[in-house]
Amino acid sequence: MKTRITELLGIEHPIFQAAMSWASSNAPLVIAVSNAGGMGVIAAGPMRPADFRNALIEIKQRTSKPFGVNIPLISPRAPELLDIAYEARIPVMVASQGGPRDHLKRFRAIGTKWLHVVASVEHAKKAEAAGVDALVVDGAEAGGHPPPSEVGTLVLVRRVAKAVKLPIVASGGIADGAGVAALLALGADAVQLGTRFIATPEASVHENYKRAVLAADVHDTTLVGRGKLPVRQLKNAFSAKYEAAERAGASASELEEIYNSSSMKKAALEGDVEWGKVEAGQSAGLIDEILPAAEIMRRLVAEAEGARRRLMSL
Ligand SMILES: Cc1cc2nc3c(=O)[nH]c(=O)nc-3n(C[C@H](O)[C@H](O)[C@H](O)COP(=O)(O)O)c2cc1C
């Protein structure tokens, strides 16, 4: 499957392993996906600078294929992380949360392709005007921070594909090759899967986290923090407490206190899947086994081909 994205980035398959704080804040998952012909993306957001630098060295030692780096640009630590990424001459940036304009010239000069994560038509147009190379479009099914508008992937990707000329990577709700084929049919040039890659030996989250993803059905996620920057996570004691406070009419500061009392780190590192933020997408309900990332890649490609043949035969 050759697309504008495989051509732009020099990858074999139009499939990204999404940046996931903690889960892909390490080298092994990224290496496995990139070596399997996809685009592995390291999530630098929660990483200590020295760990990030070392992970980039390890990735470059263990794969000669392209890989990506995700940095949330609004993070106070972004400037330092950007400098480390620049020094490592990374092939691909997948930036989120914040404007790309100030950084493009510097990274262009070293040949980095800049992809920007957007979750609305307005931000897609802005990123295009700023001069990025491609967009990642997140729909409401996505784990992590889906669009506050809660517009689903099927509709948002189609709308953005009609609104911009840039290549698009569709993200949110994809767990298998049927999903890959569906989003490519919709006009995307590649797809991105996050939650599917949590259920791998390579993902760096606690075993409890992986088991919680396997146990979840499609209706077992919720959006916590509507009206702010909502997070899609598995329903648990923390989300129930937050939502009960919301229903009881708690003030903004009371809700903020509850929101801040939990973290993804608590779930990802300590394995507390009741009181931590277990970020995961609705696609958790389509995932029922832990598989090596390379095997997931192999199946995605074979299943997408199968879906394509099925469509051709109709
Ligand atoms: C555990 C988790 C952590 C995430 N962390 C980040 C992050 O650090 N940066 C980012 O841009 N997106 C992040 N996301 C969003 C993903 O990049 C991607 O958009 C999402 O996983 C796609 O939906 P899916 O999980 O249904 O495949 C995260 C998602 C999950 C599930």
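Between domain 1 and domain 2 an area of about 1900 Å² is buried, and carbon and sulfur atoms give 64% of it. Buried area here is the accessible area (1.4 Å probe) that two parts lose on being put together, summed over both. W22, H145 and I198 supply 29% of the area that domain 1 buries against domain 2, more than any other three residues.

The model is a predicted one, in which local features need pLDDT of at least 70 and side-chain atom pairs count only at pLDDT 80 or more, while totals for chains, interfaces and linings use all residues. Residues are numbered from 1 along each chain as its sequence is written, and side-chain values use heavy atoms, with hydrogens and water left out.

Domain 1 covers 4-204 + 286-313, and domain 2 covers 207-282; these bounds come from an automatic or database domain assignment. The centres of the two domains, taken over C-alpha atoms, are 23 Å apart. Domain 1 brings 22 residues to the contact and domain 2 brings 20 residues, where contact means heavy atoms within 4.5 Å.

Next come the polar links across this interface. Between domain 1 and domain 2 there are eight residue pairs in polar contact, with both residues at pLDDT 80 or more. A polar contact is a pair of N or O atoms within 3.5 Å; within protein, one must be able to donate a hydrogen and the other to accept it, and residues adjacent in sequence count only if both atoms are side-chain atoms. On the side of domain 1 that touches domain 2, the residues divide into 11 nonpolar, seven polar and four charged. In this grouping Ala, Val, Leu, Ile, Met, Phe, Trp, Tyr, Cys and Pro count as nonpolar, Asp, Glu, Lys and Arg as charged, and the others, Gly among them, as polar.

Side chains of opposite charge can pair when their charged atoms come close. The rule for a salt bridge asks for a side-chain nitrogen of Lys or Arg within 4 Å of a carboxyl oxygen of Asp or Glu. The whole structure has 12 salt bridges, and one salt bridge is found across the interface of domain 1 and domain 2. The side chains of R226 and E150 also meet in a salt bridge, at 2.7 Å from N to O.

Another salt bridge joins D133 and R108, whose closest N and O atoms are 3.0 Å apart. D133 is in the loop between α6 (121-130) and β6 (134-138), and R108 is in helix α5 (residues 101-109), so the pair links distant parts of the chain, 25 residues apart. Helices (H or I, at least four residues) and strands (E, at least two) are DSSP runs, numbered from the N terminus. D133 counts as buried because its relative accessibility is 17%, whereas R108, at 39%, counts as partly exposed. Buried means under 20% relative accessible area, exposed over 50%, and partly exposed in between (1.4 Å probe, protein chains only).

R298 and E295 also form a salt bridge, with the closest N and O atoms 3.0 Å apart. Both residues lie in helix α14 (residues 293-313), three residues apart, about one turn of the helix. Salt bridges that share partners join E289, E295, R298 and R299 into one network.

Finally, N26 sits in the loop between β1 (15-17) and α2 (27-35). At 13% relative accessibility, N26 counts as buried. A polar atom of the N26 side chain lies 3.1 Å from the backbone oxygen of E202.
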